[in-house]
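Hi there,

Here is the structure I promised to pass on to you. Have a look at it first, and my notes on the charged pairs follow below.

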Amino acid sequence: MMTFTRGFKSIYRNPARSLIVIFLLSVCLAFSMAMLAVRLAADSQVEEVKARVGNYAEVKVSSNVFFSRYFAESGKSEKERQREQETMTEQEARQKREETLIPESITDEVSRSEHVRTYDKFLTTDIVLPELENTNLQMVFESGLAKEASRLGIQVTMNTFPFTGNTDAASLSDFRDGKKVLVEGRYYDYFDFSAANPVVLIEKNLADKNQLRTGDTVVARIKDKTGREAEKELTIIGIYETKEAESSQNLLGFNPFGNRFYAPLSVVQELNNTPGFVDDASYYFDNVDNTNALLAEFRAISGSDRYEMTTDLVDYQTLADPLAKVGNTSSIGLWGSLGACVLILLLSMLLIVRGRVKELGVFKAVGAADRQILAQLAVEVVVLCLVAVIIASAATAALGQSLGNWLLSENIRTEAPEQNQKQDGGQGMMRQFQGGGSPGRLASDSSVGNQIKVLFGNELFLYACLILLGVCLTGMVIPVVGVVRVRPARVLRME
Amino acid sequence: MNGVEVRDLTKRYRTRGGEVIALDGVSLDAQPGRMTAVVGPSGSGKTTLLYIVGSLEAPDAGSVRVGERDIFSSGLNLVDYRRKTVGFVFQFFNLVNTYTALENVMLPMAMTGVARSEQKRRARELLERMGIGPERWNHRPTRLSGGEQQRVAIARALANDPQVILADEPTGNLDSGTGKIIVEILRELSREGRCVLVATHDENVAGLSDSVAHLKDGRLVG
């Protein structure tokens with residue numbers, strides 16, 4: 001207690017010097033704590049981004065296959081294409097369809113990877129439902145899009161409807177993102193997929209226009225395995241409402257009125273006469289860090305460059321890289337300012353100890369042990385640092401968020417051109433051609449990387465205590481050296 | 001009370017100009033109940049002798065016995081020795097300027113863990129005994145005269161009731177009248193049974209001492 005009192009009193013010996021030391025320490029500590037808070041926030045948000053983005057992969061037929069097919073078809077005249085279609089057997093037509101599809105055996109094998117957490121597979125195609133009126137397609141015909149589609153070998157009629165099949169309707173991104181909402185009936189599930197139950201979900205406006213309700217049936221015109229015309233009856237088990245129109249990234253996927261049917265994958269495969277094939281498989285895997293491992297596994301399984309796996313690594317990098325850079329910058333700031341703190345404290349303690357050499361000699365002469373003298377100096381150091389830390393904490397709370405935002409905005413500004421270049425040369429182009437992401441991909445929350453949320457919680461308090469301890473201990477180096485080296489016989493002779 | 005027995009004490013210092021012999025085989029006995037003066041000119045080794053007896057310096061050779069124990073070779077805790085066995089009085093007082101007179105006297109007791117109330121009580125008693133009235137107790141040394149400062153220093157030396165008082169030129173920084181008062185206080189302390197060893201170059205102080213040892217160039221000359 002008396003040591004504490006003596007140490008505390010010593011601070012008042014030179015109030016101006018103590019105030020200057022406290023001020024300088026506060027500035028440096030505030031900066032270092034703000035940098036630490038930003039660092040912690042950046043690290044935490046990188047982890048948050050990692051949990052949401054970067055762990056999604058799609059397997060599709062390579063874009064090169066689509067390119068070559070497009071150029072091959074566009075080189076033919078209208079008559080040539082018409083003749084080809086008339087003479088083509090169903091087996092040949094199926095083979096042609098399968099050229100742009102991927103065997104389920106490959107996508108299933110990839111799903112067995114230790115990194116894969118969830119897996120779904122999709123097939124989207126156009127099916128003719130002769131009894132249903134799809135008036136919205138009138139616009140497609142008037143705009144000439146149907147003719148363009150015909151050039152690619154796709155027959156579009158007024159009774160053609162887009163069908164999407166997967167293993168479980170509830171897991172479709174349209175439903176999970178809330179763009180479409182089931183308003184009547186139920187979703188089809190994995191059981192329906194396994195049993196190939198001929199069930200469908202229909203859009204509400206289309207159902208109303210054709211006076212259809214759950215339990216009613218619609219008839220699809222298909223070709224059976226032998227190529228003969230056949231009909232397939234589909235039972236409506238659910239009606240959904242479109243809350244957000246589908247995007248029009250893709251010419252052939254243009255469906256702004258939402259006249260899409262959803263059915264179990266096995267049923268869509270049967271309707272398309274392509275059993276065992278899908279056009280897209282989606283995977284959520286454990287972690288963005290395992291992207292390369294998953295890609296390597298995929299390459300080993302697919303064995304050719306006909307199929308490709310794309311991931312949202314670029315999306316992850318777009319969000320996480322600025323945060324990581326903020327983290328690195330703040331680390332440099334943290335260590336720099338902590339170094340300045342230590343330097344300030346060491347210099348001030350050097351001044352204090354050198355100014356008290358004789359006093360230290362007197363203390364030793366009257367029987368003070370080194371530890372007693374050091375305890376008194378330690379009280380001074382701790383009080384100086386504690387006051388500085390308290391002031392710095394308040395300043396950190398006021399400045400931390402602004403500093404974090406500024407650092408992030410600076411990094412996003414320098415990052416932007418680089419990222420755009422990546423998008424144009426890689427995945428972005430492929431997606432544009434193929435028509436956006438898979439129906440299994442959930443919308444990513446980009447806001448998580450656009451702002452930094454600097455929190456002043458227990459972790460920061462703990463680190464502040466550790467900083468206080470570390471700075472105090474380092475600041476005690478000079479007193480320890482000074483006290484141990486003081487020779488009372490020498491200093492007490494001086495006047 | 002124990003006396004001080006110094007035998008063949010040698011101390012050398014290494015300086016840029018070479019080795020300086022501060023003490024060269026000095027032997028001396030200072031009895032309890034007597035004031036012993038060590039007299040000699042500047043640089044004769046008086047202060048070095050006192051600092052070695054007070055354990056502030058270690059000798060290169062020889063021994064210092066206080067009572068039955070050799071303070072340097074018997075494994076004695078020297079910090080404890082400085083706290084309880086010896087009390088220092090310096091020429092330049094060496095009071096802590098940021099402490100009051102009372103706090104300066106309390107300081108040695110604080111090092112030994114005496115309760116604060118007891119420290120205050122004894123410090124007041126000692127200051128009163130040294131003629132420092134209560135109105136001066138809370139004054140800092142800079143507001144005290146030289147004589148008052150030296151009396152506070154003596155009170156501080158007595159704080160832990162030591163057997164040996166080591167006074168290094170206690171009158172060197174005082175006028176003759178005040179110096180006489182200080183010497184009289186030291187004599188009084190010796191009469192209480194303490195061993196008082198005074199280093200001085202003042203023959204008047206030597207004349208008032210019970211025994212005198214003359215030092216010259218680190219050797220005892222009479």
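**Salt bridges**

Over all chains, the count comes to 31 salt bridges, a salt bridge being a side-chain nitrogen of Lys or Arg within 4 Å of a carboxyl oxygen of Asp or Glu. Please keep in mind that this is a predicted model, where local features need pLDDT of at least 70, side-chain atom pairs count only at pLDDT 80 or more, and totals for chains, interfaces and linings use all residues. Residues are numbered from 1 along each chain as its sequence is written, chains are lettered from A and ligands numbered from 1 in the order in which they are written, and side-chain values use heavy atoms, with hydrogens and water left out.

In chain A, Asp286(A) pairs with Arg117(A), with 3.6 Å between the closest N and O atoms. This pair joins distant parts of the chain, 169 residues apart: Asp286(A) sits in the loop between strand S11 (280-285) and helix H13 (291-302), and Arg117(A) in strand S3 (residues 116-128). Helices (H or I, at least four residues) and strands (E, at least two) are DSSP runs, numbered from the N terminus. Asp286(A) is partly exposed at 26% relative accessibility, while Arg117(A) is exposed at 52%. Here buried means under 20% relative accessible area, exposed over 50%, and partly exposed in between (1.4 Å probe, protein chains only).

In chain B, Arg219(B) forms a salt bridge with Asp24(B), their closest N and O atoms 2.9 Å apart. Arg219(B) lies in strand S10 (residues 219-220) and Asp24(B) in strand S2 (residues 18-30), 195 residues apart.

Enjoy exploring!
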